[in-house]
Amino acid sequence: MAENREKTTDQMKMWKESRATQKPDVLTTGGGHPVGDKLNQMTAGARGPLLVQDVVFTDEMAHFDRERIPERVVHAKGAGAFGYFEVTHDITRYCKAKVFEQIGKTTPIAVRFSTVAGESGSADTVRDPRGFAVKFYTEDGNWDLTGNNTPIFFIKDAMLFPSFIHTQKRNPQTHMKDPDMVWDFWSLRPESLHQVSFLFSDRGLPDGYRHMNGYGSHTFKMVNADDECFYCKFHYKTDQGIKNLTVEEAERLAAANPDYAIGDLFNAIANGNYPSWTFYIQIMTFDQAEKFPFNPFDLTKVWPHKDYPLIPVGKMVLNRNPVNYFVEVEQMAFDPSNMPPGIEPSPDKMLQGRLFSYPDTHRHRLGANYLQIPVNCPYRARVANYQRDGPMCFTDNQGGAPNYFPNSFSAPEAQPRCLESKFRVFPDVARYHTSDEDNVTQVRAFFTQVLNEEQRQRLCKNMAGSLKGAQLFIQKRMVETLKAVHPDYASRVQAHLDKHNEDAKKNTNVHVYTRPGVQTLSASSKM
């Protein structure tokens, strides 16, 4: 059995073997001072108190007390890996970004996959969207394409994001997951129907991270060398094939192997079975955007492939595991505002909100100089600016170069060739209400055309299995919302709910046997 152990299980053994005949290093304190005894505290006598001068102990304990950094508010549990992106098709007619400049060009990448709602210790196989974030280390700075394994999302306005995430987290009093919170929000926001339907379909339980697609999800803007602009969407199609878990298998793994997806990715790469994805774009001209039947920047909608076909671009391959999880995965920080020349944001309201939110949370979680951490550092570009100092600055802080602009001393200068594209904005400034837009047409197409009959059955069963935990008035409101999508969708979910609710009534009629003559004490009388 020992020779059949997984690479994750044998990590310590493999580390020792990698050192060959090397002798153990000298044990030191954080300050590099050799340690003579790591097993016993310095005390006044065998049974006496600890001495303050025991710096070997205080050095160890003080650092231990500070080992944890704040976990991510969302996407707390995840796996990371490294590899490369290779261009296989020419798209320079659409984009001038150097990452795409010629066929055969390769760019180093870092990738982090994750669940969304769970904490750092949660199970990998829960029903939840999966984060799919890719960092391209380009010559013009890092490009962070920070997406999910679904092409859509629950909301379209970033104002709702904190409230939405609160519903996915824990009740503020009970500290438990709360179906009332989840389904109250979803049933009040009909734009969530598309993503909710994806979530409770088979796609809501991917078999690890290697067997799922990835999407930039948002609409972005591409600019070519002639300053022509196009709207685009990004897609990664898994070369391993789509595989999903059954509900029963996901629940079994959640109990028996909660780190299933992390281990699956690590073991595959360690065994030389490098996962890969084919990278595509969709392109929409500005004129097409004006005529599109929906808002082309709405994150709850897709662009139909028959109208906006996938255009192949390249291949993404992961061939290296992290050397240390904390250093290269926990500290990895993705920021949608990291876009090199040639890639720009669209008016997508969710994307616009993330341009602020993501770097803001990294500065809180990792510090103002988080971009100096090696895994986040744009090492293929030369960083030269007027930012200085701050906690944990561990570069040369740009030496004696001027820290103000403009100046007369040959310090960094702006590059007009890298100016963002011009665009016009005509409408009045207001807080525009968007929840009454068409929220059902694409959901209906997903239910009736994308899913087959067996998949529809599982979707309705899965949804009812979660919705049953919410109060009846919330169940009724959600079913009414589903009626607008398709009467069959609503009736199937309602049929499952009726059965659940009937079973719940039966289970409440529990008869407790009490021996005759035994006095029953009330709870208050026992206090």
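Is the crossing of α4 and α13 left-handed or right-handed? In this predicted model, the crossing of these two helices is left-handed, and the axes of α4 (residues 179-188) and α13 (residues 472-485) come within 9 Å while crossing at roughly 35 degrees.

**Helix pair α4 and α13**

- On the side of α4, the contact is made by D180, W183, D184, W186, S187 and L188, and these residues meet I474, R477, M478 and T481 of α13.
- Across the whole structure, a search finds 33 salt bridges.

**Largest pocket**

- The largest pocket holds about 1900 Å³ of space, and of the 47 residues that line this pocket, P378, R382, V383, A384 and N385 are the closest to its centre.
- Strands β4 (141-148) and β10 (343-345) each supply at least two residues of the lining of the largest pocket, with the largest share, 3 residues, coming from β10.
- The lining of the largest pocket comprises 21 nonpolar, 14 polar and 12 charged residues.

**Second largest pocket**

- For the second largest pocket the volume is about 1400 Å³, and its lining consists of 36 residues, of which F297, P347, K349, V425 and P427 lie nearest the centre.
- Two or more residues of the lining of the second largest pocket are given by each of α8 (286-291), β10 and α10 (349-365), and α8 gives the most, with 4 residues.
- In the lining of the second largest pocket, 16 residues are nonpolar, 6 are polar and 14 are charged.

- The structure holds 1 cavity of 30 Å³ or more, and about 50 Å³ of space lies in the largest cavity.
- The lining of the largest cavity is formed by D128, P129, N149, T150, Q195, F198, L199, R203 and G204, a set that divides into 3 nonpolar, 4 polar and 2 charged residues.

**Local backbone features**

- F405 and P406 are joined by a cis peptide bond, for which omega is about 0 degrees, and P406 is found in the loop between α10 and α11 (441-450).
- A20 has a phi near 50 degrees, which is a positive value in a residue other than glycine, and A20 is found in the loop between α1 (11-18) and α2 (55-64).

Methods. Residues numbered from 1 in each chain as written. Predicted model: local features only at pLDDT ≥ 70, side-chain atom pairs only at ≥ 80, totals over all residues. Heavy atoms only, no water. 1 Å grid on protein atoms, 1.4 Å probe; cavity = no way out; pocket = protein on both sides within 12 Å on 5 of 7 lines; lining within 4 Å. Points joined across faces, edges and corners; volume = space filled by probe spheres on them. Nonpolar A, V, L, I, M, F, W, Y, C, P; charged D, E, K, R; others polar. Axes fitted to C-alpha atoms, helices over the stretch in contact; angles between N-to-C directions. Left-handed = near helix turned anticlockwise from the far one by under 90°. Contact = heavy atoms within 4.5 Å. Salt bridge = Lys/Arg side-chain N within 4 Å of Asp/Glu carboxyl O.
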